[in-house]
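Welcome! Here is a short tour of charged pairs and a surface patch. Please take a look at the model first.

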Amino acid sequence: MAYTTALIPNLSETSLSVYLREIAKFPMLEPDKEYMLAQRYKNYNDLNAAHELTTSHLRLAAKVALSFRHYGLPLADLISEANIGLMQAIKKFDPDKGFRLSTYAIWWIKAAISDFILKSWSLVKIGTVAAQKRLFYNLGKIKAKLGLYQSTDMDDETVAHISNQLGVSEQDVWDMEQRLHGDASLNEFAYDDSDEEKQNFLTDTTPNVEEVLMERQEKNIKNEKLAAAIATLSEREQEIVKARFLTDNPTTLEDLGIHFNISRERVRQIESKAFQKISKYMLA
């Protein structure tokens, strides 16, 4: 979907309110018009129809993203991921199923944000299997119900209870607890006889605003061009490229061969040809 990157907000926190006001200007769609636009995109790949579907649901994406703000990640990034999930939903949406786009899209939006949190949160560098996701998102909730808030409150009986409830090993529970509470607070005093906090002794190694903006702009340009390049591929070429290189769990050549009812070597040839097309487009 070549139009996608234009709808991924390049926000600072100070401009977030401006963005929210701007997307509020897009009108909500009546069911009949939504169905008509979805049919136009599904049957004729009408990008204008896809654009209108997307803009009319940006408020939904932002609302869902704001519900994840307690994970401590930049809201601008959460909204960007929410919009990506929204656009993935539009690409997969079938209006003939009989339900509204918002009902379908909300699950894609939540999935995109959840994956982003798992990959990005500095304290949690874990895999993305279902059991680990359940543990990550539910450990704090279960502890809160039990009246436990500090890592020192955990005992063997509690860990056994949580592991049984979430279907994970007791060691997984201990490991996650250590990841979530392993870092000491930077608001603690640096020394016993000092009123200086630890954070006051940290050196700011982050790039300046100009560097951040330049890198973000360059990344956006590359992403936009890559999206446009992929859009020039055939439907089968796009599916193979995405399955092989744009997913956390790449599909094997054998599995793709079975899916398309072609040989493993033929899949490899299609993959190679698709990359030649992408390279040619990117270098043009």
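## Reading the model

A residue is called buried under 20% relative accessible area, exposed over 50%, and partly exposed in between (1.4 Å probe, protein chains only). This is a predicted model, where local features need pLDDT of at least 70, side-chain atom pairs count only at pLDDT 80 or more, and totals for chains, interfaces and linings use all residues. Residues are numbered from 1 along each chain as its sequence is written, and side-chain values use heavy atoms, with hydrogens and water left out.

## Salt bridges

Side chains of opposite charge can pair when their charged atoms come close. A salt bridge here is a side-chain nitrogen of Lys or Arg within 4 Å of a carboxyl oxygen of Asp or Glu, and the count comes to 10.

One of them joins Lys277 and Glu237, at 3.0 Å from N to O. Lys277 sits in helix α13 (residues 264-283) and Glu237 in helix α11, so this pair ties together parts that are 40 residues apart in sequence. Helices are DSSP runs (H or I, at least four residues), numbered from the N terminus. Lys277 counts as partly exposed because its relative accessibility is 33%, while Glu237, at 6%, counts as buried.

Another salt bridge links Asp94 and Lys42, at 2.9 Å from N to O.

## A nonpolar patch

Which residues form a nonpolar patch on the surface? They are Phe245, Leu246 and Phe275. Phe245 belongs to helix α11 (residues 235-245) and is partly exposed, at 41% relative accessibility.

Terms used
Patches are made of residues with over 30% relative accessible area and no salt bridge: like charges are joined within 9 Å, nonpolar side chains (Val, Leu, Ile, Met, Phe, Trp, Tyr) within 5 Å. Accessible areas come from the Shrake-Rupley method with a 1.4 Å probe; for residues, only the protein chains shown count as cover. Helices (H or I, at least four residues) and strands (E, at least two) are DSSP runs, numbered from the N terminus.
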